[in-house]
Amino acid sequence: MFTGIIEAVGTITALTPKGEDISVTVASGDLDLGDVKLGDSIATNGVCLTVVQLTGNGYVADLSLETLKRTAFVDYQAGQVVNLEKAMLPTTRFGGHMVSGHVDNVGEIIERQHTGRAIEFWVSAPDNLAKYLAEKGSVAIDGISLTINAIRGNEFKLTIVPHTAAETTMEAFKVGRKVNLEVDVIARYLERLMLGDKAADKKSEVTMDLLARSGFLG
């Protein structure tokens, strides 16, 4: 579990094919690896990765086909800068929101403009994630815990203050950039809960979309 509060920015130094999977080597920059051991988790651009090797100035992790399918990692190359966060401790200050590091899908930056000292971004999400997005709700973008400030269909607005831009990769975000999206896990649990006993029915095709169309959700 993570908070979405980025601890450091690192750099991918190698992507190595391993059969159908790949391994990624990350130079961890200012991230303190003194308390990291093999098997620990580090969110890398929002993707929860398990450390399989420590290199002295970073770590190596494996990426499965599922991870490549669900995330923007499929397009990454050596030199890609990434947001880093170690798994939270029971004593961690909870400054963001609950982030699992299990990316739901890939979105795209479609607008960028400056508003005062802040940067305003509009992000397009896949249609199947739109129902989980709410104004003033939380979303993780490349592992960064952010607040949604406006919604228009499957698109949402983010307002990035100077500190966040400086301490993460967001300063470099341009229109067309693909980003990892993780919606609020509480929304996902509520969706499942609404299915009630039908959640155990393997043949049932009931979804929140069907419930909404039937008027069950108002």
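Over residues 1–97, the chain is 6% helix and 43% strand, with the end C-alpha atoms 10 Å apart (helices, H or I, of at least four residues and strands, E, of at least two are DSSP runs, numbered from the N terminus). Residues 98–194 come out at 16% helix and 42% strand, and here the end C-alpha atoms lie 21 Å apart. In an unreviewed entry, UniProt puts "domain: Lumazine-binding" at both 1–97 and 98–194; such annotations may be inferred rather than shown by experiment.

All this is a predicted model, where local features need pLDDT of at least 70 and side-chain atom pairs pLDDT 80 or more, while totals for chains, interfaces and linings use all residues. Residues are numbered from 1 along each chain as its sequence is written, and side-chain values use heavy atoms, leaving out hydrogens and water.

Now for the rings. There are two aromatic pairs (centres within 6.5 Å; planes under 30 degrees apart are stacked, over 60 edge-to-face, the rest tilted). Phenylalanine 73 and tyrosine 76 have centres 4.6 Å apart and planes at 50°, so this pair is tilted. Both phenylalanine 73 and tyrosine 76 are buried (under 20% relative accessible area, with exposed over 50% and partly exposed in between; 1.4 Å probe, protein chains only). Phenylalanine 121 and phenylalanine 173 pair edge-to-face, at 6.0 Å between centres and 65° between planes. Phenylalanine 121 sits in strand S8 (118–124) and phenylalanine 173 in the loop between helix H2 (162–167) and strand S13 (178–183), so the pair ties together parts 52 residues apart in sequence. Phenylalanine 121 is buried at 0% relative accessible area, and phenylalanine 173 is buried at 0% too.
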